[in-house]
Amino acid sequence: MKTILTGIRANSVLTLGNYLGALLPMVRLSNKYSNEYNINIFVPDLHSIISEVDGDLQENIIRTLKYYLVAGLKINENVHIYRQSHVPAHSELCWILNCNATMGEMGRMTQYKEKSEGKASANVGVFDYPVLMAADILLHDADYVPLGEDQFQHIELTRNVAERFNHRYGEVFTVPVETAKQVEFMGVEKPIRVRDLVNPEKKMSKSTASENSKIMLDDTPEKAAKKIMSATTDSFSDVQFDFETRPGISNLLYIEALLTDTPLTEVVEKWQGETRYGELKKQVAESVSGMLSEFQAKLSAISDEEVLELFTEGEKYANEVANKKLLAVQKAVHLR
Ligand code: ATP
Ligand code: MG
């Protein structure tokens, strides 16, 4: 059986961008394919500590998994849920892959450049985490890795490292499919990228310092509505969809389409030419706050125990699969 694998760092509460770009699409894929694919959903807790953890890491880990359940994830025997640090083979494979990745290719990673801003004080984890990500994927022979657009470069890196390793040591790894096909598989036209509400040229990120830039999944519906109402737009006189010239207003149309599960063209058609930006903002604010109230009510109904049980089962499975693959790698490089 082929494998679909995904994860979301648990360094803080998630944003609306994570929800629309990663959680929802993954839950839809999983529910659609869990009879014919292995579905691996893991919480990359080792990735979480490359930046400052906001809140308590254990709480964040449990909450992150609850998010999937709230978003509608259905569990069956093919759905495996685990914490990365509970499967030690991930770190060990990361080391071996480090010796098969180059400084040059790693230095070109956009996420690294953005997160380190060239500072000498940036930690090595920020530089190296794409290799750990490659290990996460390759240990489980994942073909599909549904992630947001910002992570595509890391999937390409994973493919390069896997091909290099296979060439050097023999066919050990399944090379995940190329990113264009990943997008196709996710059933979306383009990778999803929700923008920052204050600086709509950038993507919305949970680690952005500015509060008004991002909607957090634990924002009260009122607070979230206010953030939408004060989102940066433009000084044109009417609503048009164009991310290049009007990223702010386009982002609001985009969020509305994703939240209401309506084709973007339909939303654009409805609002195109509207001269009162406030009207569109009010509509989006309503969609966002409605989604949050429902989401938060469901979240509070899931117990920690339920989540911990899923982890225990998933980690047993993940360790078995990962240890087997790790041994094959160790043999290939003559460590065994
Ligand atoms: P950080 O600032 O800590 O990097 P992040 O918001 O970028 O946080 P990640 O943990 O890096 O979140 O990514 C989790 C998942 O969410 C990934 O699949 C990523 O592609 C997706 N994602 C992140 N931001 C967005 C966004 N603005 N729009 C769509 N998807 C997103
Ligand atoms: Mg990120």
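Q: What should I know before I start?
A: This model is predicted: local features need pLDDT of at least 70, side-chain atom pairs count only at pLDDT 80 or more, and totals for chains, interfaces and linings use all residues. Residues are numbered from 1 along each chain as its sequence is written, chains are lettered from A and ligands numbered from 1 in the order in which they are written, and side-chain values use heavy atoms, without hydrogens and water.

Q: In what order do the strands of the open sheet stand?
A: Strands (E, at least two residues) and helices (H or I, at least four) are DSSP runs, numbered from the N terminus. Two strands pair if DSSP finds at least two bridges between them. Here 4 strands form an open sheet, ordered β3-β2-β1-β4, with parallel pairing. β3 (79–83) and β4 (142–144) are the edge strands, and each pairs on one side only.

Q: Over how many bridges do β2 and β3 pair?
A: Over 5 bridges, in the parallel sense; β2 covers residues 37–43. Look at Ile39: Val79 in β3 stands opposite.

Q: Which strands does helix α1 touch?
A: Contact means heavy atoms within 4.5 Å. Angles run from 0 to 180 degrees between N-to-C directions, with axes fitted to C-alpha atoms, for helices over the stretch in contact. Helix α1 (residues 16–33) packs on the sheet and touches β1 (2–7), β2 and β3. Its direction makes about 150° with that of β2. Helix α9 (residues 179–186) lies across β1, β2 and β4, at about 70° to β4.

Q: Which residues come nearest to ligand 1?
A: A residue is near a molecule if one of its heavy atoms lies within 4 Å of it. Ligand 1 has 20 residues around it, and Arg9, Lys115, Asp150, Lys203 and Ser207 come nearest. The largest share of this shell, 4 residues, comes from α1.
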